[in-house]
Amino acid sequence: MATATEPEDAPSAAGGAKGEANRKRGSEQGEGGAGGGQKRKKKEVFIYGNYRNYYGYRIDRNVGEDPRLEAFNKQWFENKDCLDIGCNQGLVTIGLAMKFKCRRILGVDIDSGLIETAKWNLRRIMRQDKVATKNVKDQESSNSPSQSSPGEVAPEFSNANKHHDLFKIVSFQFENFVESLDGCSEQYDTILCLSVTKWIHLNWGDDGLVTLFVKIWRLLRPGGVFIMEPQPWTSYRRNRLVSEVAKENFNTICTYPEKFREILLDKVGFRSVELIMDRLVGTATGFDRPIEVYHK
């Protein structure tokens, strides 16, 4: 049986849970050895799937870029207003902005600590960008035209410039996304919910899942795109003991992941769906999940 601290299948969740006061980061203490009665160090428990170093669990070490970015269509993001629900440390959010040139993209997460890390990652990438830009300029000024042509340095310099306005494009916000449907208006062209549905489902049950889907629908503009990476039911089983709330909800869930498509098309109102990836290459075992794209 899986433990409550198992990192498999778990990006940061966007939604909170009933009984949020019961949220705990420490698991039960282990008993000491026979000799000294020494207590084991408490393990962190992430009841919303808000794992630290999640991308280290998920991505094959031989792969540089998150393979999900390779599966995405540029037209869903370029010059578009985007929302990333359950952004964790913000690396996918930032990667989308850099690769596809979003007009703006907001990452939200229920874990304030992860949001602070995401902001730090954004600052870190911008600092690296400035250093890269300076190095290219120094190289240009020190080399004669015969030693270095503009074409030889342009790619690197262009890559640096691509990140120049990231602070204007990328932002992060601490938010319990499924807390309320109030104030929903059509303001996004693309919304992502990558490996988050399980954590909302376990913490808020079927009602929380429906709230998630309806809120996404309301926030999308006509013609908008909803990109979802749902976890399978087997993944729910592995994490059902992460909290008492999750255990209770697991036993009462009626809407299984294989029914999500029917709900989104027939009840929420999405026009169509396409499966863009049956199995992701470059992900660790347990993370090669299908990705579905719904069109409003």
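Tutor: Two strands pair if DSSP finds at least two bridges between them. The model is predicted.

Student: How many bridges join strand 6 to strand 7, and in which sense do the strands run?

Tutor: Strand 7 covers residues 291-295. One of its residues, Tyr-294, is the bridge partner of Val-273. Strands 6 and 7 run antiparallel, and the bridges between them number five.

Student: What is the strand order of the open sheet?

Tutor: The sheet has seven strands and mixed pairing. Strand 3 (170-174) and strand 6 (272-277) each have a single partner strand, so both stand at the edges. On average, neighbouring strands are turned by 20 degrees against each other, direction ignored. The order is 3-2-1-4-5-7-6.

Student: What angle does the direction of helix 7 make with that of strand 5?

Tutor: Helix 7 packs on the sheet. It touches strand 1, strand 4 and strand 5 (220-229). Its direction and that of strand 5 make an angle of about 155 degrees.

Student: And which angle does helix 10 make with strand 7?

Tutor: Helix 10 also packs on the sheet, in touch with strand 5, strand 6 and strand 7. The angle between the directions of helix 10 and strand 7 is about 5 degrees.

Student: Is strand 1 enclosed or open?

Tutor: Asp-81, Leu-83 and Ile-85 point one way, while Cys-82 and Asp-84 point the other way. Both sets are buried. With five of the five residues of strand 1 (residues 81-85) buried, the strand is therefore largely enclosed.

Student: Which residue of strand 4 is the bridge partner of Leu-83?

Tutor: Strand 1 pairs in the parallel sense with strand 2 (residues 104-109) over five bridges, where Asp-81 has Arg-104 as its partner. Four bridges join strand 1 to strand 4 (residues 188-194), also parallel. There, Leu-83 is bridged to Ile-191.

Student: What handedness does the β-α-β unit have?

Tutor: Helix 3 (residues 91-100) is mostly covered, with eight of its 10 residues buried. Among them are Val-92, Ile-94, Leu-96 and Phe-100. Strand 1, helix 3 and strand 2 make up the unit, and it is right-handed.

Student: Which residue just after helix 3 takes a positive phi?

Tutor: The site directly follows helix 3. Its phi is about 60 degrees, and the residue is Lys-101.

Student: Is the ring pair of Phe-213 and Phe-260 stacked or edge-to-face?

Tutor: There are 11 aromatic pairs in the structure. For Phe-213 and Phe-260, the ring centres are 5.6 Å apart and the planes stand at 75 degrees. Planes over 60 degrees apart count as edge-to-face. The pair is therefore edge-to-face.

Student: How far apart in sequence are the parts that this pair ties together?

Tutor: Phe-213 is buried at 0% relative accessibility, and Phe-260 is buried at 1%. Phe-213 lies in helix 7 (residues 197-219) and Phe-260 in helix 10, so the pair ties together parts separated by 47 residues.

Student: What is the C-alpha distance from Leu-264 to Trp-217?

Tutor: Leu-264 is in helix 10 (residues 260-268) and is buried at 0% relative accessibility. Its contacts include Phe-213, Phe-226, Phe-270 and Tyr-294. Those four belong, along with Trp-217 and Phe-260, to a cluster linked by ring pairs. Leu-264 and Trp-217 are 47 residues apart in sequence, yet their C-alpha distance is 9.0 Å.

Student: Which residue has its charged end over the ring of Trp-217?

Tutor: Elsewhere, Arg-240 lies over the face of Phe-250, 5.8 Å from the ring centre. Over Trp-217, the charged end sits 4.3 Å from the centre of the ring and belongs to Lys-296.

Methods: Residues numbered from 1 in each chain as written. Predicted model: local features only at pLDDT ≥ 70, side-chain atom pairs only at ≥ 80, totals over all residues. Heavy atoms only, no water. Buried < 20%, exposed > 50% of the residue type's maximum accessible area, 1.4 Å probe, protein only. Helix = DSSP H or I, 4+ residues; strand = E, 2+ residues; numbered from the N terminus. Contact = heavy atoms within 4.5 Å. Right-handed = clockwise from strand over helix to strand, strands pointing away. Phe/Tyr/Trp six-rings, centres within 6.5 Å; stacked < 30°, edge-to-face > 60°. Lys NZ or Arg CZ within 6 Å of the ring centre and 35° of its normal. Axes fitted to C-alpha atoms, helices over the stretch in contact; angles between N-to-C directions. Lists of a residue's contacts leave out its neighbours within four places in sequence.
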